[in-house]
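Biologist: Thanks for sitting down with me over this one. Could you take me through it, one question at a time?

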Amino acid sequence: MALNEIKIGGLGGQGVILAGIIIGKAAALYDDKHSTLTQAFGPEARGSACSAQVVIDDQAIAYPYVTRPSYMVTMSQDAFAKFSPELREDGVLIIDEDLVKPTGLPPGVKVFGIPATRYAEEIGRKQVLNIIMVGFFTAVTGLVSEQGTRKAVAESVPGNTVELNLRAFERGFAYGKELRAQRS
Amino acid sequence: MKADPKGVLTGSHYLDGDHACSEGALAAGCRFAAGYPITPSTEVVERIAARFPLVGGTFIQLEDELAASIAVIGGVWGGAKALTVTSGPGFSLMMEHIGFAAMTETPVVYIDVQRGGPSTGLPTLAAQADMMQARWGSHGDYRLIALCPNSPQECFDLTLEAFNLAEQYRVPVVVMLDEVVGHMTEKVVIPPAEQLEVTPRRWTDKPPGEFLPFAPREDLVPDLCMFGEGYRFHVTGLTHDERGYPAMNAPTQERLVRRLVDKIEKNADKILRWEEKDTEGAEVVIVSYGITSRVAQRAVEMAREKGVKVGSFRLITAWPFPHKRIAELSRSVKSLVVPELNLGQMSLEVERTVAGRCRTIPVLHAGGAVHRPEAILEAIMEVAR
């Protein structure tokens, strides 16, 4: 696997950074790859567009920043508007289709959407939206393993919410797997 | 001796550089920290505040950096291994106490997560502009040790190492991160305690009455005694004799200050650490440190694709500086390219060392972001042309 650049964007408070940590952790600790997570770090407030950037590679990573992501996850329209111009022309865009209506994308971009907010509400907590997206990302991209990412989810969320978050992960993963099967 | 397993979080973790520093301190046996939290170093003390009480340690949040930087010196004289953590504005306030630690030969660790300056500057954004301050910030002649990690793993390794060097040479050691390294998250492997070598304090084996607290051993470093165990022990920032008592005259000054400098310079070969790649036969060598070394790596790869023979030299110890090795390199290369996130600091030291034997090309950036790799590439190509 060559170097892969991933950018995750959303609103402060949606768990954007945690989503990045889980994907990066799955790659680095459980999939025997290298990963580096950087995050936009500033006086950002809850509710403004924020992002996490993850680089995954088989080899040690020197340059830590994402410059032209081939994978992008967006969880808000603002984040889509702000970050989507960075996406590679043959990149993969992953969205919560209830929250993001993509426009003006180059024709080569593959879009995968999931009604993640609705699923999160069904599961019983809107806050698990980010974990549904992580499950969906895992299935759609295959960049991180299902087992490894599940472990990373369980390790990264508060103890009393592990079961809830794993359900969210499964929901996103199952939807992604199905969607991928349909597309191929 | 081996690390105390109580403080060692053995295993593979996904940590940012700041948190990795806290774990390095714990593994080293540090059990006292004092700080005045400041971005972008706050995560170091946050983790320390959470973790220290679990292993019998103490963290005090103090009213400012003056208090924090002197409290840790008190902690050391009370028998603990101690550190404080800060960023630029706090580092400026700590200068007097760094000098005091150097003069009193206090083995203490300072962590400086560099952000843009001067003054409050860029609280959340990276720079590498405290490098000369670390070296020259306090008045008078002294030497200290400064280390520059470029990854979270190295933040763990070098914080542990900082404590070891502090104990070995009875000197303040500064771990110089930058905001990017402090906040970047990567895999950090913490080995089992029995694989971690920890340098104990140099307690004297001489009885009270025979022991002179500032009389050096052959390595120019004196041993220590413990307050309250019957020793006469006087600690002062004034020029002092081997008993520790003020002796304010030229011969004592010459003996003491010369030794404070010599104990680092004459032991430099044992202290120095660097990483060198492809320097053999190179026409250009990039000299860099911290986050810039990783950005430079991309420029090196780009230059190689263009057929340029380029090597890299990464400073791990910034102070003492690897004068001998840089001088050797200057005899075999056309140019040393020095990118850094400041307007000329370590590049000056390179230039001074090279003394005109080859070209020194600084690639300077005022901070707030990292270099574009292309900017470093341009400097390399300028030489290759």
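This is a predicted model: local features need pLDDT of at least 70, side-chain atom pairs count only at pLDDT 80 or more; totals for chains, interfaces and linings use all residues.

Biologist: In which sense do β1(A) and β4(A) pair, parallel or antiparallel?

Modeller: β4(A) covers residues 71–74 of chain A, and 4 bridges link this strand to β1(A). The sense of the pairing is parallel.

Biologist: And which residue of β3(A) stands opposite Gly9(A)?

Modeller: β3(A), residues 49–57, pairs with β1(A) over 8 bridges, in the antiparallel sense. Within β3(A), the residue opposite Gly9(A) is Ser51(A).

Biologist: How many of the 8 residues in β1(A) are buried?

Modeller: β1(A) runs over residues 4–11 and pairs with β3(A) as well as with β4(A). The number of buried residues in β1(A) is 7.

Biologist: Now to where the chains meet. Which residues of chain A lose the most area to chain B?

Modeller: Chain A brings 20 residues to the contact and chain B brings 22. About 1600 Å² is buried between the two chains, with carbon and sulfur atoms giving 63% of that area. On the chain A side, three residues together make up 39% of what is buried there: Leu29(A), Phe41(A) and Tyr63(A).

Biologist: How many salt bridges are counted between chain A and chain B?

Modeller: Here the criterion is a side-chain nitrogen of Lys or Arg within 4 Å of a carboxyl oxygen of Asp or Glu. Between chain A and chain B, the count of such salt bridges is 0.

Biologist: Which side chain of opposite charge is nearest to Asp130(B)?

Modeller: Asp130(B) sits in the loop between β6(B) and α5(B). Beyond its neighbours within four places in sequence, Asp130(B) has contacts that include Gly88(B), Phe91(B), Asp112(B) and Gln345(B). Asp130(B) is buried and has no salt bridge; at 8.0 Å, the nearest side chain of opposite charge is Arg115(B).

Biologist: Does Met103(B) count as buried or exposed?

Modeller: Met103(B) belongs to helix α4(B), residues 88–103. Leaving out residues up to four places away in sequence, Met103(B) touches several others, among them Thr236(B), His240(B), Leu256(B) and Leu260(B). Because its relative accessibility is 14%, and the limit is 20%, Met103(B) counts as buried.

Biologist: There are prolines in the loops of chain B too. Which residue is joined to Pro40(B) by a cis peptide bond?

Modeller: Pro40(B) lies in the loop between β2(B) and α2(B). Omega of the cis bond is about 0°, and the residue joined to Pro40(B) is Thr39(B).

Biologist: What is the phi of Ser119(B)?

Modeller: Ser119(B) lies in the loop between β5(B) and β6(B). With a relative accessible area of 60%, Ser119(B) is exposed. Its phi is positive, in a residue other than glycine, and is near 55°.

Biologist: And what is the phi of Leu220(B)?

Modeller: Leu220(B) lies in the loop between β9(B) and α8(B). Its relative accessibility is 24%, so Leu220(B) counts as partly exposed. Leu220(B) is not a glycine, yet its phi is positive, at about 75°.

Note on methods
Residues are numbered from 1 along each chain as its sequence is written. Chains are lettered from A and ligands numbered from 1 in the order in which they are written. Side-chain values use heavy atoms; hydrogens and water are left out. Helices (H or I, at least four residues) and strands (E, at least two) are DSSP runs, numbered from the N terminus. Buried means under 20% relative accessible area, exposed over 50%, partly exposed in between (1.4 Å probe, protein chains only). Lys and Arg count as positive and Asp and Glu as negative; His and the chain ends are not counted. Contact means heavy atoms within 4.5 Å. Buried area is the accessible area (1.4 Å probe) that two parts lose on being put together, summed over both. Two strands pair if DSSP finds at least two bridges between them.
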